[in-house]
Amino acid sequence: MGRLHIQGAGLYESLAEIIGVKAGVALSRCDIDTFFEEADQFSEYAGAEDEDYFRIESIVYEGMVEGLLFKLGRLERPVNHLPGIRLFHAYKRNPKLRVVALEVSRRHLAWMEGEIERIDRGEGKRMLDPTPFVEGCFESLGAIGGRMALEMMDDHIAYETARVNWFGPQESEWENIIELKSLFESEKLDAHYGNFFDQRFIDYLNRNFSEVDKINWRKFEQLSAEFFDRAGFSVKLGKGRNDDGVDIRAWRPGVNVNGPAQLIVQCKRQKTAIEKVVVKALYADVENEGAESGMIVTTSRLSPGAKATCRARHYPIVASDRATLQTWIRALRRPGAGIGL
């Protein structure tokens, strides 16, 4: 496809629709405008009126889609080439590894052709199964070949995710669509991909960690609960308001959740340092509930006075500060699964 002839209203609507399908996130016109303003190559489209008329090269439009998916954390890289290109350039200077990379690329192409023929015959699901390709590379090319096959599949998934399907409807892997603004405005516990905090918001914060300070205070508690849940704890999230200062209670695997929690957590989404009065209050909660320890999860840090109080009084309290929180989000980040045709 060469060029799109589109008005401003259609540009925003079509981009929002494609991103909704590919990322499961509903973007507002303001969200898209912010992206246009931040990306120099698209700044001329920011603030477009409904009746404005544009002639946009298809490659430019595809770049908009790819850039928005990267902004949302759906893609790991801002530019995603055809599968095999990145692999070749990564190993081209090593003669032995280059040979393996070329063989992996050849096998990938053969696998793709076979899968397309299978789907055309109407056999099985339309979802591609990379297992034979990856396992075959491990078996005949060794660990190096197997690792390259996995890299190839990562590139394949990224390319298919970024690609605009000009000739037919795009199949979505998401069962629902969430609004990006709800991350910042909503107190509701409505995680569809996660028990407490939706995976799509995790992906977004992984790419835009500086915005963790702006998310709704209740969403911050839910994010913390999601981390402990995936770490294997049994988790009870407090009711939010009037919870007496205990935001999360957590039990180690196998421990009766009807007994005292091993860990109680206080979440503080704030820019200023956590003062010792907060530490003292949390210690009182630990003692009152018979917990083993307490934790303060914060977008900031403990003040020197709070640290000194913990040391001097031997409080069983630790802090997960801003840097730790970022490692949590990175650990919770995972690519979307599945390759569709």
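Residues count from 1 along each chain as its sequence is written, and side-chain values use heavy atoms, leaving out hydrogens and water. Because the model is predicted, local features need pLDDT of at least 70 and side-chain atom pairs count only at pLDDT 80 or more, while totals for chains, interfaces and linings use all residues.

**Exercise 1.** Work out which strands stand at the edges of the open sheet.

*Solution.* 
- Step 1: Look up the order, which is E5-E6-E7-E8-E9, with mixed pairing. Strands here are DSSP runs (E, at least two residues), and helices are runs of H or I with at least four residues, numbered from the N terminus. Two strands pair if DSSP finds at least two bridges between them.
- Step 2: Find the ends. E5 (234-237) and E9 (317-320) each have a single partner strand, so one side of each lacks a neighbour in the sheet.
- Step 3: Now check one pair. E6 (residues 248-251) and E7 (residues 263-268) run antiparallel, joined by 3 bridges. Isoleucine 248 stands opposite valine 265 in E7.

**Exercise 2.** Find which helix gives the most to the lining of the largest pocket.

*Solution.* 
- Step 1: List the helices that each supply at least two lining residues: H2 (29-38), H3 (58-71) and H6 (131-162).
- Step 2: Pick the main contributor, H3, with 7 residues.
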